[in-house]
Amino acid sequence: MNVIEKILAAHSPETMVHPGQIIEVALDAVMANDATACLAIDIFKNELKTDRVFDPEKVILVMDHYTPSSSIAAADSHNKMRKFALDQGLRYVYDGAGVCHQLMMEHHVLPGQLIVGADSHTCTYGALGALATGMGSTDVAVAWKEGRIWMKVPEAMRITVSGQWPAHVYAKDLILKIIGDLTVKGATYKALCFDGPAVQALRISERMTICNMAIEAGAKFAYVQPDATTEAYMKKAGREGYRVFTDDADARYERTMEYDVSALAPQIAFPHSVDNVRDISTFAGTVIDELFLGACTNGRFADLEIAAAILKGRKIAGNVRFLVTPASKDVYLQALEAGLIRIFMESGAMVSAPGCSACFGGSGGILGKGERLLTTANRNFRGRVGSPDSEIYLASPAVVAASAINGCITDPRGGLR
Amino acid sequence: MIEGKAIIFGNNIDTDQILGAHHLVLPTIGEMAGYTFEHHAHFTSGFAKGDILVAGDNFGCGSSREQAAAVLKERGVAAVIARGFARIFFRNAINLGLQLIVCPEASEIAAKDKLTITAEKIRNETTGKEYAREPLPPFVAGILKSGGIIPYLQKNR
């Protein structure tokens, strides 16, 4: 079996599993956020007619998509979540502390675990060698009740990445390039396994960027084999007692793709599909109205550090507004202590409370008609961040920072005025 | 058997288009349903209860929001025919008992064509053409036959 099949088998009554097989699996955690939890609460109470979650330590709620509460309806749904959490005695409830996936990675995920979340970007946890996938509110309500769920064992694809990372080229550029090649349906229902020396060279933060966007190609799971970097991350986080799975000698992958990052340029995904990907040169000079640095894709300390290094001592252009949202409270504090928040604010950027922010269109940074956003987030769907007549371009933190200074899409490799 | 008229969509219809982010916090699916495909004029002005949505590849891609499948059911969408569905939307729709039909020839169907769907095939009453539908895996078909995952679990646990 390959490592995906082995982790699934270990969570099921089966000793061997194969792609296409439908199995019932036991879950290590079930996460829901404020875009999905209230519907799950209704289903849990009114349709499943149950009054106890399977384990109040394993059901995790996060308020992040509409925080600080952005409407009366959002405030009411937050209160519904708080009441449910209290009634059920849930141990982990995060209220404006950051994006759900960042918090899960900082505080909960262990290598080898199997996790379901009511959010499509739950596949992020593959960066630590956990299998995690997004599901809807009914599946999550069933999982809250039973601690188990049905899954189809996916085919696995292996993407091997070699080469030396060029200056100003990052994990975001690689995953955009890969999605451009795979297309937005190219990995539907599959597990995407990333390996090779250029992946091993990445920090967990950057591995998260890659795994986060696997869903944009339709994937069910993303996975990076745990290594010394993973071990160091877990040790620093103070979480131990996990099991690392590996491929058997006869491990089978449906398809293998190879990439070399040595000649990779910064990438841009242009409206309105994530697989509309080109080298940055195609779009250099495109005038921007708003920029966003944040999200579960690129709102971590490493991302903020890259952007701050470019912005230090400079001002953003007069034609743009620039919103910086740290992905969690811990990231925010770390950035504050390192002086990054001062750099952002002195450059003219706004710094907002941790959360999904302008990635989602549920709180700040909403776009008006005809406006153009350049963002480190993961989706550029039409109307996602406001007006259906706005445009969203996706890029790395380095591209966003350089472009904020020039007021137009700018190559960080020497494109700064 | 399902009968209805076709409302056509293209490839990669994402769940943000089906139901925008700022409507997800409304208290009930009934209140959200009024915003279904709010920026698609051919749906908002042309859809009637019992119509069949016909789309290309990867219908329902993007967010895990089950509300997207729920508002389609709430509005009375009789079935969604597509060349393919995104994974999370597929589960959500089946869980709610919304009829999803995979049909490689979906793009041959035109706006307002009258369709009849049986267990074996889709018949286009307007053109007289018939198309094969791909069978669902038996386990998934069983959930749909029960009317969704909750009635299925009530019957099978």
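**Figure 1. Burial and overall dimensions of chain B in the predicted model.** Of the 157 residues of chain B, 59% are buried (under 20% relative accessible area; exposed is over 50%, partly exposed is in between, with a 1.4 Å probe and protein chains only). The model is predicted: local features need pLDDT of at least 70, side-chain atom pairs count only at pLDDT 80 or more, and totals for chains, interfaces and linings use all residues. Residues are numbered from 1 along each chain as its sequence is written, chains are lettered from A and ligands numbered from 1 in the order in which they are written, and side-chain values use heavy atoms, with hydrogens and water left out. Chain B exposes about 6200 Å², of which carbon and sulfur atoms supply 53% (Shrake-Rupley method, 1.4 Å probe; for residues, only the protein chains shown count as cover). The C-alpha trace of chain B spans about 45 × 45 × 25 Å along its principal axes. Its radius of gyration is 15 Å, which agrees with the value near 15 Å for a compact globule of 157 residues (taken over C-alpha atoms; the globule rule is 2.2 Å times the number of residues to the power 0.38).

Figure 2. Chain B has seven helices and seven strands (DSSP runs numbered from the N terminus: H or I of at least four residues for helices, E of at least two for strands). Along the sequence they follow the pattern β-α-α-α-β-α-β-α-β-β-β-β-α-α. Among contacts in chain B with a separation of 6 or more, 66% come from residues 24 or more positions apart (contact: heavy atoms within 4.5 Å).

**Figure 3. Surroundings of B:Phe90.** B:Phe90 is found in helix 5 (residues 87-96) of chain B. With a relative accessible area of 11%, B:Phe90 is buried. Leaving aside residues up to four places away in sequence, B:Phe90 touches B:Phe85, B:Leu100, B:Leu136 and B:Val140. B:Asn58 lies 32 residues from B:Phe90 along the chain, and their C-alpha atoms are separated by 9.8 Å.

**Figure 4. The five-stranded sheet of chain A.** Five strands form an open sheet in the order 4-3-2-5-6, with parallel pairing (two strands pair if DSSP finds at least two bridges between them). Strand 4 (92-95) and strand 6 (131-134) stand at the edges, each with a single partner strand, so one side of each has no neighbour in the sheet. The twist averages 15° from one strand to the next (axes are lines fitted to C-alpha atoms, for helices over the stretch in contact; angles run from 0 to 180 degrees between N-to-C directions). Strand 3 (residues 59-63) and strand 4 of chain A pair in the parallel sense over four bridges, and A:Ile60 stands opposite A:Tyr92 in strand 4. Helix 4 (residues 100-107) of chain A lies across strand 2 (29-33), strand 3, strand 4 and strand 5 (114-118), running at about 150° to strand 2.

**Figure 5. Strand 5 of chain A.** Five of the five residues of strand 5 are buried, so the strand is largely enclosed by the rest of the structure. On one side these are A:Leu114, A:Val116 and A:Ala118, and on the other A:Ile115 and A:Gly117. Four bridges join strand 5 to strand 2 of chain A in parallel, with A:Gly117 as the bridge partner of A:Met31. Strand 5 is also joined to strand 6 of chain A by four bridges, again parallel; A:Ile115 stands opposite A:Ala132 there.

**Figure 6. The four-stranded sheet of chain A.** An open sheet of four strands has the order 10-9-8-11, with parallel pairing. Strand 10 (221-224) and strand 11 (255-260) are at the edges with a single partner strand each, so one side of each is left without a neighbour in the sheet. The twist averages 20° from one strand to the next. Five bridges pair strand 8 (residues 156-162) with strand 9 (residues 191-195) in the parallel sense, and A:Thr160 stands opposite A:Asp195 in strand 9. Helix 6 (residues 171-182) of chain A packs on the sheet and touches strand 8, strand 9 and strand 11, its direction making about 135° with that of strand 11.

**Figure 7. Helix 13 of chain A.** The buried residues of helix 13 (residues 340-347) are A:Leu340, A:Ile341, A:Ile343, A:Phe344 and A:Ser347. Seen down the helix axis they fall within an arc of 160°, so they line one face of helix 13 (the arc is that of the directions from the helix axis to the C-beta atoms). A:Arg342 and A:Met345, on the other side, are exposed. The cover over the buried residues includes helix 11 (301-311) and helix 12 (329-337) of chain A. A:Gly348, with a positive phi near 110°, follows helix 13.
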